[in-house]
Amino acid sequence: MGAAEETVRTPTGAGPEPVNIREFEAYAKATLPKNAFDYYASGANDMITLRENRAAFERLRMRPRILRDVSHVDTRTTVLGDPVAFPICVAPTAMQRMASPEGELATARACARQQTLMTLSSWSTTSVEDVAAAAPIPKWFQLYVYKDRELTAELARRAERAGYKALAITVDTPVLGRREADVRNRFKLPAHLTMANFAGAGGSHAEGTKDGGKDSGLAAYVASLIDRTLQWKDVQWLRSICNLPIVVKGVMTPEDALVAMQCGVDAIWVSNHGARQLDTVASTIELLPDIVKAVNGRCEVYLDGGVCRGTDAFKALALGARAVFIGRPVLWGLAHSGEDGVYQVLELLKKEFEMAMQLTGCTKLSDIQRSMVTHVVSYQSKI
C-alpha cells in the first residue's frame, strides 16, 4: 500500500457527531486507510465469533426493579486495588498510530481524563515509557511471550520500572488466527511506524511485520517470533522475574481458570481475542458465568469482546465480572478525533452504564444482581 493510501482520509460532509459506537465505527471506516480499518475491524475466518460477541449480548434481557431512589448513582470501583471511576477499562489494541498520529498517547490522556485504566499492547507504536509518562493513571502492560526469553523478561522489567501496575499475559496466541481481510490486503505496518517497544532490538521485532508473501505480514511476524511452546510453567517463570501482579488474558473455560488459580495468578481475563483467533468459539459473555462459578470469588474476573453499550457492561457485571474492557471502540474514537474521540467514547459508555443502573433501580455496583439479567429464549430460565 502506497504512502498516499496510508494517510487518514477526510470525507466530504462527514455528518453530525456520532451518538453511539456504531456511528464512530462508520466514521472510522470512511476515513481510515483500508489496510488499517480492516486490520482493526476483522475477525478470524468466517467471523462467526465476531458476530456472536455482539449477538450474545443482544440475547440477554434485563429485569429492572422499580420505585427506588436513583437520584445519585455511584459507579466507582477498584481493579486489582486501583480505583477507577466506572468499571469500563481499555483493552490492549496494537498499532494505534495507524488510527491517529498520537495513538497510544492520546488513549492514555483520555483515560486519565475519565479516571479509568488503560492496558498497553506489546505491539504499541509508542514505547512503554512514553505512554507511562503521558498520563498519571493506573496502566497495565499486555505481554506476548517471545522465543527470545531475555527480550520478554526485559519488556516485563521495563513495564515494572515505568510504573505499570500489572502484566496481562496473552495466552491464546501460539499462532495468529487467520484474518482473511489481512491476507487480502497483505497487511503490513505502515513504513513510517514501528513497534516502539522493540526499537532497541531492531530488525523484525521493531518492524512489526515481515514479508508474508501471499499471507498477512503480521502472521509471518508472529510465526517467526512468538513462542509456541508457552505453557503454565512459563506463567510462573514470569512471576519469578517480575514483581507485578499477573493477569491471564485469554481464558475461555472453567478448567483453565482453575489451573490459572493453581498457578497463583492475580486475575482472570475472559477473552476470545476480539474473535480474532479461533473462529466459532463461544462469545465471552456466554463463557463468563461458568468461569465465575469456578473461580468462586478467589480472584477478580474481567471480560472483553463485543462490549459497545453501557448495558453490555451492566450485563457482564450482573453475571460476575469485576469490570469490562473495550478495544475496537477506542480505535474508532481515535480515528474520529484522537484523544477527544476516545474521551467521547468512554463518556458515552459511562453515561449509558449510569442510565442502565438508574433504570434497573441500582445506585451502587453491589446492587447489580445476577437476577437482573435473563435470556431471551426463556424469560423464566435464569442464566
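Which residues does Leu346 touch, not counting residues up to four places away in sequence? In this predicted model, they are Phe86, Val90, Ala110, Cys111, Gln114, Thr116 and Ile326.

**Residues of helix α14**

- Leu346 counts as buried, because its relative accessibility is 0%, and buried means under 20%.
- Leu346 is 117 residues from Thr229 in sequence, and the two C-alpha atoms are 37 Å apart in space.
- Arg328 also belongs to helix α14.
- Along the chain, Arg328 and Leu346 are 18 residues apart, and a distance of 12 Å separates their C-alpha atoms.
- When neighbours within four places in sequence are left aside, Arg328 is in contact with Tyr40, Ala41, Ser42, Leu50, Gly274 and Arg276.

**Packing of α14 against α13**

- Two packed helices are described by the angle between their axes and the distance between the axes.
- The crossing in which α13 passes α14 is right-handed.
- On the α13 side the contact involves Gly310, Thr311, Ala313, Phe314 and Leu317, which meet Leu349, Glu352, Phe353, Ala356 and Met357 of α14.
- Sorted by class, this contact of α13 with α14 comprises seven nonpolar, two polar and one charged residues.

**Packing of α14 against α2**

- Helix α2 (residues 34-41) and α14 have axes that cross at roughly 155° and come within 10 Å.
- That angle makes α2 roughly antiparallel to α14, because angles over 145 degrees count as such.
- From α2, the residues Phe37, Tyr40 and Ala41 meet Arg328, Leu331 and Trp332 in α14.
- In the contact of α2 with α14, five residues are nonpolar, none is polar and one is charged.

**Packing of α3 against α12**

- Helix α3 (residues 48-58) packs with α12 at an angle of about 65°, and the axes are 8 Å apart.
- The helices α3 and α12 are therefore roughly perpendicular to each other.
- Glu52, Asn53, Ala56 and Phe57 of α3 meet Thr284, Ile285 and Glu286 of α12.
- The residues in the contact of α3 with α12 fall into three nonpolar, two polar and two charged.

**Nonpolar cores**

- In soluble globular proteins, nonpolar side chains tend to be buried together.
- The largest nonpolar core of this model holds 109 residues, and those that touch the most other members are Trp123, Tyr146, Leu167, Ile268 and Leu288.
- Not counting residues up to four places away in sequence, Ile268 touches Val248, Val251, Ala257, Ala260, Met261, Ile291, Val295, Cys299, Glu300, Val301 and Tyr302.

**Loop residues with positive phi**

- Ala275 is a residue other than glycine with a positive phi, near 65°.
- The loop that holds Ala275 lies between β9 (267-270) and α12 (284-295).
- Ala275 is buried, with a relative accessible area of 0%.
- Asn296, likewise not a glycine, has a positive phi of about 55°.
- The position of Asn296 is in the loop between α12 and β10 (300-304).
- Asn296 counts as exposed, because its relative accessibility of 60% is over 50%.

**Lys233 in helix α10**

- Lys233 has its place in helix α10, which covers residues 232-241.
- With a relative accessibility of 49%, Lys233 counts as partly exposed.
- From C-alpha to C-alpha, Lys233 and Cys263 are 8.0 Å apart in space, and they are 30 residues apart in sequence.

Conventions. Residues are numbered from 1 along each chain as its sequence is written. This is a predicted model: local features need pLDDT of at least 70, side-chain atom pairs count only at pLDDT 80 or more; totals for chains, interfaces and linings use all residues. Side-chain values use heavy atoms; hydrogens and water are left out. A crossing is left-handed if the near helix is turned anticlockwise from the far one by less than a right angle, and right-handed if clockwise. Helices (H or I, at least four residues) and strands (E, at least two) are DSSP runs, numbered from the N terminus. Contact means heavy atoms within 4.5 Å. Ala, Val, Leu, Ile, Met, Phe, Trp, Tyr, Cys and Pro count as nonpolar, Asp, Glu, Lys and Arg as charged, and the others, Gly among them, as polar. A nonpolar core is a set of buried Ala, Val, Leu, Ile, Met, Phe, Trp, Tyr and Cys residues joined through side-chain atoms within 4.5 Å. Buried means under 20% relative accessible area, exposed over 50%, partly exposed in between (1.4 Å probe, protein chains only). Axes are lines fitted to C-alpha atoms, for helices over the stretch in contact, and angles run from 0 to 180 degrees between N-to-C directions. Angles under 35 degrees count as roughly parallel, over 145 as roughly antiparallel, 65 to 115 as roughly perpendicular and the rest as oblique.
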